[in-house]
Amino acid sequence: MTDREETLARVAQLIEPFNKKGVELNEGTTFAGDLEWDSLIVMDFVATVEDEFDILITMNMQAEIETVGQLVDAVENLRNEG
Amino acid sequence: MTEAARTPMDPADETAVGPSHGRDLFSKFDPLIAEREALLSTGVRDPFGLVMEEVLSPTRAIIKGKETILLGTYNYMGMTFDPDVVQAGKDALDAYGSGTTGSRVLNGTYQGHREVEEALKDFYGTDYAMVFSTGYQANLGLMSTIAGKEDFIILDADSHASIYDGCALGNAQIVRFRHNSVEDLEKRLRRLPAEGGRLVVLEGVYSMLGDIAPLKEMVEVSKAAGAMVAVDEAHGMGFFGPNGRGVFEEAGVADQVDFVIGTFSKSVGTVGGFIVSNHPKFEVLRLVCRPYVFTASLPPSVVATAATSIRKLKFAGNKRAHLWENSRRLHKGLRDLGFDLATPEAQSAIIAVLLPDQEMTVRMWQALLEAGVYVNMARPPATPAGMYLLRCSLCADHTEQQVGEILGMFEAAGRATGYLQ
């Protein structure tokens, strides 16, 4: 497994408890559209991801992240910076 | 007027009905319009369309011809009908006219604006005070101006809309932590890059649930991380701390807080907002803060009532004590009746009653209003975690008898709606 694949797997695991409708996940899955998350779930989920990877995902960054793949990219970038 | 000069909005122009390009910009509101229509079609009154026909006192008004106890006004200290406050407003209206018609930095600073800033400096014991036209604008101004693109604002997830909007207006990097969690705040502060300034934004009292922040611990971890700290005391001014300055005073962290933000529209009893600070460069904000510069200043009557009220609040120990008695009694009474309350004890002058869904909340709200008590109904997205609640805010002028009547009305409404068995 590459680092990116491992990050994707961990992110997918973190999504599960919030994936109430059992939507099938892939890199193109959108948080607002496919998973139908509202701002409260997003807040909770982002905090969980931040704690898992010991990073900060600012609200400014969150505004640019729409899909699972984009989140994985952002996590990878932040981890490499840190 | 020629045909060509008709505006697209001309109702006589039938060809203008419906735009020919793009969709109706209002269509995004269709789900909200449908939800509202469905709710109102059940015959309930509109919780967001209420009119106070007459206001008799800080605690009583005529609503739909009926005398009603007000339990949702934030008029914590009952200053709105204080004879000295009202007289100061009348005198200023006579002496200075109805409005300033200008910005604070041009023709909109009168003697009264100077005086209310002096009253604030005296009340808070700070070197500087800056008065805005509303509390909302004070938060817009501070958040959008003080932190630039390279800086970080760290805020509680349940922060008031004005704090979020101020962040959206500015360019800073915004980081949120879980509501009232010292651990979550500390973790996020630790993860910040070394570069860039840091501002932690806290509120003394969170207005939806009426819970207070653990300011002592939060300010401590913020300062240890080298951050500046701003505390919004909109719902704490007047009755927390030895001088009524707010929760930060009671928590003993006054010397650690860089900015206190407040409002005149709650305990002070009029409208307006402010920031107080001891930072030696604070005054420069008057030149760079757009929500301060690009709006008209408060009318002379408003700043005169605010200054008078603030001077009286400093010595309002008895009122403070009675407000706390009222709050504790209402909390205990509602809990004993079987209502689900947002805080385990009365932490502020806000008591929030949690209800299961919108329908029950509106029915309770209406039953209470028909019985003769007005409370606020609050729903998502204003509330945290998707809660529906009836928010009660007490006034120092509520009598013991009124609190008893309120409890009786809650019991009757609870039984009438089937919420209480």
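How many helices and how many strands are there in chain A? Chain A holds four helices and zero strands, where helices (H or I, at least four residues) and strands (E, at least two) are DSSP runs numbered from the N terminus, and along the sequence the chain reads α-α-α-α. This is a predicted model, in which local features need pLDDT of at least 70 and side-chain atom pairs count only at pLDDT 80 or more, whereas totals for chains, interfaces and linings use all residues. Residues are numbered from 1 along each chain as its sequence is written, and chains are lettered from A and ligands numbered from 1 in the order in which they are written.

The C-alpha atoms of chain A fill a box of roughly 35 × 30 × 20 Å along the principal axes. Its radius of gyration, taken over C-alpha atoms, is 12 Å, which agrees with the value near 12 Å for a compact globule of 82 residues, the globule rule being 2.2 Å times the number of residues to the power 0.38. Of the 82 residues in chain A, 15% are buried, that is, with 20 or more other C-beta atoms, placed from the backbone, within 10 Å of their own. Among contacts (C-beta atoms, placed from the backbone, within 7 Å) with a separation of 6 or more in chain A, 58% join residues 24 or more positions apart.

Where the two chains meet, the contact takes eleven residues from chain A and 13 from chain B. On the side of chain B that touches chain A, strand S6 (173–177) and helix H6 (182–191) of chain B each supply at least two residues, and S6(B) gives the most, with four. The residues of this side of chain B divide into six nonpolar, two polar and five charged, counting Ala, Val, Leu, Ile, Met, Phe, Trp, Tyr, Cys and Pro as nonpolar, Asp, Glu, Lys and Arg as charged, and the others, Gly among them, as polar.

Methods:
Buried ≥ 20, exposed ≤ 12 C-beta atoms within 10 Å, placed from the backbone.
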